Amino acid sequence: MAERLTGRAMDKLVLQGGQRLNGEIAVSGAKNAALPIICASLLTADTLAVDNVPRLQDVATMQRLLAQMGAGVERVDGGLVLDAGRVDRPEAPYDLVKTMRASVLVLGPLLARFGNARVSLPGGCAIGARPVDQHIKGLQALGAEIRIDHGYIVAKARRLKGARIVTDLVTVTGTENLMMAAALADGETVIENAAREPEVVDLANCLNAMGARIAGAGSDRIVVRGVERLHGARHRVMADRIETGTFLTAVAAAGGDVVLAGARPDTLDAVIDKITEAGARIEVGPDRIRIVARRRPRAVNLRTAPYPAFPTDMQAQFMALNAVADGTGVVTETIFENRFMHAQELMRLGAQIEIEGNTAVVKGVRSLTGANVMATDLRASASLVVAGLVADGETVIDRIYHLDRGYESLETKLSAVGARVTRRR
Ligand code: UD1
């Protein structure tokens with residue numbers, strides 16, 4: 001069953017800023033790859049063994065979701081052993097979906113394997129409306145009958161049929177849902193305008209190990225030749241590029257010399273470019289990144305967009321970096337509306353930020369001052385940690401359950417490289 005939840009609602013993170021960071025940090029498995037891969041286990045009655053699964057609140061939520069459907073879910077060392085052989089309730093209830101939007105990733109697999117699914121609509125979300133219309137439209141193109149009933153997506157299909165799907169916009173979980181559904185469909189599916197994120201590729205690799213026939217993942221055109229059934233497999237989750245990027249911004253802001261072991265530099269081109277532009281030195285090996293930051297960072301301009309462009313999940317952390325940089329940085333968010341909530345909290349620490357629509361103009365200041373701030377979403381929380389590492393005095397971050405959704409042992413990892421950070425319960 002689900003492991004003990006690591007986060008407690010009232011936990012706070014307390015940081016004493018001003019320490020340089022030196023040493024080595026081991027990068028965890030990617031949250032955004034682990035979540036769809038866990039859902040992929042629903043596509044087979046055999047066992048799927050997944051290695052390198054991070055211990056996170058979101059992963060625990062996904063474990064609970066599968067367990068309540070009747071799946072076997074077991075933590076074994078650093079991974080999970082998943083067995084959906086006896087699933088008898090193809091449903092995702094509101095109380096789980098509302099805490100984690102990625103729960104919608106069970107829709108495609110459930111429908112493809114069981115012919116029906118009932119999944120709560122995610123509802124409102126702190127970083128914008130985030131509809132799932134593209135997931136629904138794509139599944140309808142594959143022949144599913146879908147209606148919305150009392151806030152639930154109710155989907156039925158005798159057997160999905162391959163089709164050509166052109167999504168109206170680039171959606172990561174939408175692409176993943178459709179790829180999983182198409183894996184068991186009758187005939188060939190082409191997904192045009194597909195998301196090219198590395199996590200989509202990781203999922204495709206896992207599905208292919210399970211017997212799927214997917215080509216083109218990582219490009220904007222994915223071709224899936226449906227098969228009758230999938231079988232068990234073993235898969236290792238890729239390294240978390242957003243966690244890696246978060247540590248890169250932390251070192252770029254605080255200064256120091258840190259090696260990120262087990263990282264995937266090939267998935268971080270846009271982020272590494274901006275870190276370099278900010279003045280830090282980067283050395284990459286096949287599975288490690290070393291960052292050396294000796295001087296005050298320089299401000300950088302950036303614009304979020306689908307992969308391989310700059311990730312929206314790194315926008316907040318770069319805003320914190322710009323807050324203490326030399327010069328003025330212009331940050332434009334094109335993926336999510338209302339994803340600047342961290343700006344207000346950063347301003348409590350003394351940051352100078354002006355927001356106009358989807359653009360934030362950040363005028364770097366020499367120093368920030370510790371204060372009490374509040375985490376509002378996952379990546380916003382990460383930006384407050386980056387700021388707290390450089391602010392003079394004590395910064396107390398409230399509501400860090402947001403952080404526990406997506407960062408494994410953050411305070412332990414940061415303490416090990418010299419940060420002064422503790423969790424207060
Ligand atoms: C995924 C990531 C999230 C990241 C985001 C963008 C996971 C579990 N989460 O979220 O960390 O911030 O990609 O890189 O992988 N949209 C629609 N209709 C849809 C689907 C999406 O309008 O049916 C819109 C969204 O509101 C948003 C944009 O498309 O404005 C991109 O969203 P999407 O790529 O779907 O994000 P997620 O997959 O939810």
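Biologist: What is the strand order in the open sheet of four strands?

Modeller: Bearing in mind that this is a predicted model, the open sheet of four strands runs in the order 2-15-17-16, and its pairing is mixed. Strand 2 (21–26) and strand 16 (281–285) are the edge strands, each pairing on one side only. From one strand to the next, the twist averages 10°.

Biologist: And in which sense do strand 15 and strand 17 pair?

Modeller: Strand 15, residues 256–261, pairs with strand 17, residues 288–293, in the antiparallel sense over six bridges.

Biologist: Okay, which strands does helix 8 touch?

Modeller: Helix 8 (residues 241–254) packs on the sheet and touches strand 2, strand 15, strand 16 and strand 17, with its direction making about 20° with that of strand 17.

Biologist: What about helix 9, where does that lie?

Modeller: Helix 9, which covers residues 269–277, lies across strand 16 and strand 17, and it runs at about 150° to strand 16.

Biologist: Switching topic: where is T332 found?

Modeller: T332 is in strand 19, which spans residues 328–332.

Biologist: Why does T332 count as buried?

Modeller: T332 counts as buried because its relative accessibility is 11%, and the cut-off for buried is under 20%.

Biologist: So which residues is T332 in contact with, leaving aside its neighbours within four places in sequence?

Modeller: With those neighbours left aside, T332 is in contact with L302, R303 and T304, and also with N358 and T359.

Terms used:
Residues are numbered from 1 along each chain as its sequence is written. This is a predicted model: local features need pLDDT of at least 70, side-chain atom pairs count only at pLDDT 80 or more; totals for chains, interfaces and linings use all residues. Side-chain values use heavy atoms; hydrogens and water are left out. Helices (H or I, at least four residues) and strands (E, at least two) are DSSP runs, numbered from the N terminus. Buried means under 20% relative accessible area, exposed over 50%, partly exposed in between (1.4 Å probe, protein chains only). Contact means heavy atoms within 4.5 Å. Two strands pair if DSSP finds at least two bridges between them. Axes are lines fitted to C-alpha atoms, for helices over the stretch in contact, and angles run from 0 to 180 degrees between N-to-C directions.
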